[in-house]
Amino acid sequence: MRTILLTGPGGSGRTTLAAATALTAARDGTPTLVLSTDRTDTLGAALGIQTGPNPVSVPGTPHLTAWRPDAADRFRADLTAFQERAANVLDFLGASRLDPEELTPLPGAEELALLRALRDAALSEAYGLLVVDLPPTPQALALLTLPDELRRYLRRLLPAERQAARALRPVLGRLAGVPMPAEWLYDAAARWDVELAAVTAVVEDPDTVVRLVAEPGPAGTDAVRAATTGIALRGLRADTLIANRVLPEPSIDPWLASVTAQQRKALEDWPETYALPLQQVPHLGRDPRGTDDLAALRAPGVNRTPATVEWPVTDRLADDGVLVWHIPLPGAIRDDLDLVRRGDDLVLTVGPFRRIVPLPSALRRCTVAGAALRDGELMIRFAPDPDLWPQTR
């Protein structure tokens with residue numbers, strides 16, 4: 001199944017474009033699900049229907065379904081189940097349990113609900129295309145990084161190899177005077193790891209792409225530059241840059257003429273700066289409402305060619321005695337770049353974005369010899385460690 005993730009700066013109209021993209025695919029005959037977790041029903045407003053915790057079909061478009069999962073209900077169910085499973089520990093601590101009626105979602109509940117819905121929809125065989133309305137770009141990239149980060153935390157806090165000492169836990173519990181982690185905790189960690197891995201598989205699938213939505217102009221240009229850098233750092237595949245609310249020209253009104261000129265400059269610069277197809281979406285003069293307005297936006301269709309992102313390692317041992325790791329980072333600025341080697345991982349920070357990346361196996365036996373940022377590509381040089389590198393006689 002193809003997956004299209006739409007994001008962009010706040011107020012760029014990404015929810016409307018998500019609905020329009022899904023509508024275009026559905027009218028081409030592709031069974032399509034459009035997914036959003038906005039607390040307000042902006043998706044339903046764009047489609048002209050009411051969306052909610054249960055998927056609903058869009059009238060007049062047989063192949064289109066909309067879904068807005070309820071984060072509050074799922075949060076209450078998960079926390080209630082956790083209290084039941086942790087009953088012994090809670091009773092030992094003298095904790096008072098919370099009733100489902102008094103539970104309100106904590107910050108981040110919507111993001112977790114979106115990840116779970118993304119996994120469930122991707123595993124479903126009912127759809128050929130999944131269109132996801134993500135939050136604004138900084139929050140979206142943090143959200144898409146969350147499964148990997150949580151899996152790393154689980155491996156550090158509850159390493160699988162500790163499960164070999166199951167027979168000793170009762171004895172250790174009596175010696176320590178506190179209950180040891182129960183079997184259900186390790187089972188829950190294993191289940192969470194599987195669920196998080198399923199989300200990561202959807203995000204990293206070659207058939208998953210990101211579409212950037214921005215309004216052309218100075219603010220949109222800054223947002224697109226930062227977004228392309230963050231997307232590249234995450235290793236995601238961007239397939240289209242959508243310029244939304246493009247004004248017609250010429251205009252007699254001086255104010256509109258000035259805004260139009262700013263838009264035209266951005267529309268001329270973006271194709272030269274970013275190696276992405278540019279799709280212009282016209283301003284309708286009103287907020288799009290209903291499928292007729294969405295069709296008038298002429299949202300881009302689905303690119304059937306899977307996108308690929310490569311971080312290759314080139315062998316320059318014969319010439320320079322190093323291996324070079326090439327990491328594409330379009331729009332990155334050297335002053336905003338920070339690299340830290342930690343064991344077999346590379347902690348890479350670019351502006352507000354940060355990612356911990358496992359080193360390729362060959363580079364784990366090397367030391368960092370330097371790095372350079374040129375033409376939107378980070379090149380990290382690694383020199384073989386004589387104590388770890390195979391020697392030739």
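User: What should I know about the model before I read the values?

Analyst: This is a predicted model, in which local features need pLDDT of at least 70 and side-chain atom pairs count only at pLDDT 80 or more, whereas totals for chains, interfaces and linings use all residues. Residues are numbered from 1 along each chain as its sequence is written, and side-chain values use heavy atoms, with hydrogens and water left out.

User: Which residues are bridge partners, and what lies in the turns?

Analyst: Leu337 is partnered with Val350 of β12, while in β13 Pro358 is the partner of Asp345 and Val357 that of Leu346. The hairpin of β11 and β12 has two residues between the strands, with Gly343 in the turn at a positive phi of about 60°; the hairpin of β12 and β13 also has two residues between its strands, and there Gly351 takes a positive phi near 60°.

User: Why is β12 called mostly covered?

Analyst: A residue is buried under 20% relative accessible area, exposed over 50% and partly exposed in between (1.4 Å probe, protein chains only). Five of the six residues of β12 (residues 345–350) are buried, hence the description of the strand as mostly covered.

User: How do you know that the largest cavity is a cavity, and what makes its lining nonpolar?

Analyst: On a 1 Å grid over the protein atoms alone, a cavity is a set of points where a 1.4 Å probe fits but cannot get out, whereas a pocket is an open set with protein on both sides within 12 Å along at least five of seven lines; lining residues have an atom within 4 Å of a point. Grid points are joined across faces, edges and corners, and a volume is the space filled by probe spheres set on the points. The count comes to one cavity of 30 Å³ or more, and the largest cavity has a volume of about 30 Å³. Ala, Val, Leu, Ile, Met, Phe, Trp, Tyr, Cys and Pro count as nonpolar, Asp, Glu, Lys and Arg as charged, and the others, Gly among them, as polar. Leu114, Leu115, Leu118, Val132, Leu134, Leu143 and Leu144 line the cavity, which gives seven nonpolar, no polar and no charged residues.

User: How is the lining of the second largest pocket divided by class?

Analyst: The lining has five nonpolar, two polar and 13 charged residues, and its largest share, seven residues, comes from α6.

Terms used:
Helices (H or I, at least four residues) and strands (E, at least two) are DSSP runs, numbered from the N terminus. Two strands pair if DSSP finds at least two bridges between them.
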